[in-house]
Amino acid sequence: MADLAEDLANWMGNLPDDLQKVPIIHLAIPGSHDSCTYPITSRSKIAPDAETAILRLRWLGCILKWVMSRWSKTQGFDASGQLQAGIRYFDLRIATKPNDCLHFVHGLYAAPVPIVLHQINDFLNSHSKEVVILDCQHFFEMDIDDHIHFVDMIFDTFGLKVLTCDNYYMKHLSLDYLAEHKFQVIVVYRLKHFKHPFYPAGCYPTPWPNTTSTKELIQILSSDLKRRNNNYGYISQFILTPRKSTVLKYVFGGNLKKFSAEPLYTDKMNWIESQKPGNLSAPVSSVCLAPEY
């Protein structure tokens, strides 16, 4: 394992032969939560996923966006930096932006979608044994034409690297199989009533713990993991979710890094290390990268 840690950009390709044959749904894969929020600043515009309560406070102007930026940014690395650090799962919220391209969002507009997709593709071009999971979790103010455009953008960017979903059987999808067929991109598209060639939400359940307590978080994750369906992927969200009261309490000195990243680090690593590869306890682990300000 020491060798894997020394070369995180190639950790999948450097796994032992026996793990190369394990279905990818039974490997623990590090991910980032609300991915691609790295460029958010106090100057970012409010996005369509912002809560109604936030929209009512627009009159606060730059003060509101300063507070929002401290609780909306979930990592300091761009997509290239995350991939170099070993991240292989991206949790994505996509929205239209007036007179602009599609953007990733988390309360505020974040990175442009085309830039991020090209960063990921550039990485995959130079790391042929690495595989990424793009989990399109939420969509905002997107009509059918926008979805068609987004799907076309994915194929235009990644081409034959994209693994399409012909059926829901996933146990043959080992790293060996994906490398043999030159597949490097698995897309999860969580949208009903829109025909697409990707994996549906049911193939990668992602229960939200929605708690501010580390003890309760670990209990929920451990309990849910035992009940997972081993025929599909599974996402463990090792994150704390701040309440409105949390933000108000730490409005001037707090941010998401101090609340949800730094305090969790030791417990998160201990919990991940307790898991074993195989069909009983190996989640796709969606973890929050510590933002850098």
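Rings of Phe, Tyr and Trp (its six-membered ring) pair if their centres lie within 6.5 Å; planes under 30 degrees apart count as stacked, over 60 as edge-to-face and the rest as tilted. With that in hand, I looked up the aromatic cluster: F139, F150, F155, Y189, F194 and F198 make up one.

Before going on, I noted that this is a predicted model, where local features need pLDDT of at least 70, side-chain atom pairs count only at pLDDT 80 or more, and totals for chains, interfaces and linings use all residues. Residues are numbered from 1 along each chain as its sequence is written, and side-chain values use heavy atoms, with hydrogens and water left out.

**Aromatic pairs**

I found 7 aromatic pairs in the structure. I picked W71 and F259, a tilted pair at 6.1 Å centre to centre with 55° between the planes. W71 sits in helix α4 (residues 62-72) and F259 in helix α11 (residues 256-261), so the pair ties together parts 188 residues apart in sequence. Helices here are DSSP runs of H or I with at least four residues, strands are runs of E with at least two, and both are numbered from the N terminus.

I checked burial too: buried means under 20% relative accessible area, exposed over 50%, and partly exposed in between (1.4 Å probe, protein chains only). W71 counts as buried at 9%, and F259 is buried at 16%.

Next I turned to Y189 and F198, also a tilted pair, with 5.8 Å centre to centre and 40° between the planes. Y189 is buried at 1%, and F198 is buried at 2%.

**H147**

Which side chain does the side chain of H147 make a polar contact with? I found Y189, at 2.8 Å. A polar contact is a pair of N or O atoms within 3.5 Å; within protein, one must be able to donate a hydrogen and the other to accept it, and residues adjacent in sequence count only if both atoms are side-chain atoms.

H147 belongs to helix α7 (residues 144-158) and is buried at 3% relative accessible area. Leaving aside neighbours within four places in sequence, I listed F139, M142, Y189, L191 and F194 as in contact with H147, where contact means heavy atoms within 4.5 Å.

**E273**

E273 is in helix α12 (residues 265-273). Buried or exposed? I read 58% relative accessibility for E273, so exposed.

**Whole chain**

I counted 12 helices and 9 strands in the chain. Buried residues make up 52% of its 293 residues. The C-alpha trace spans about 55 × 45 × 35 Å along its principal axes.
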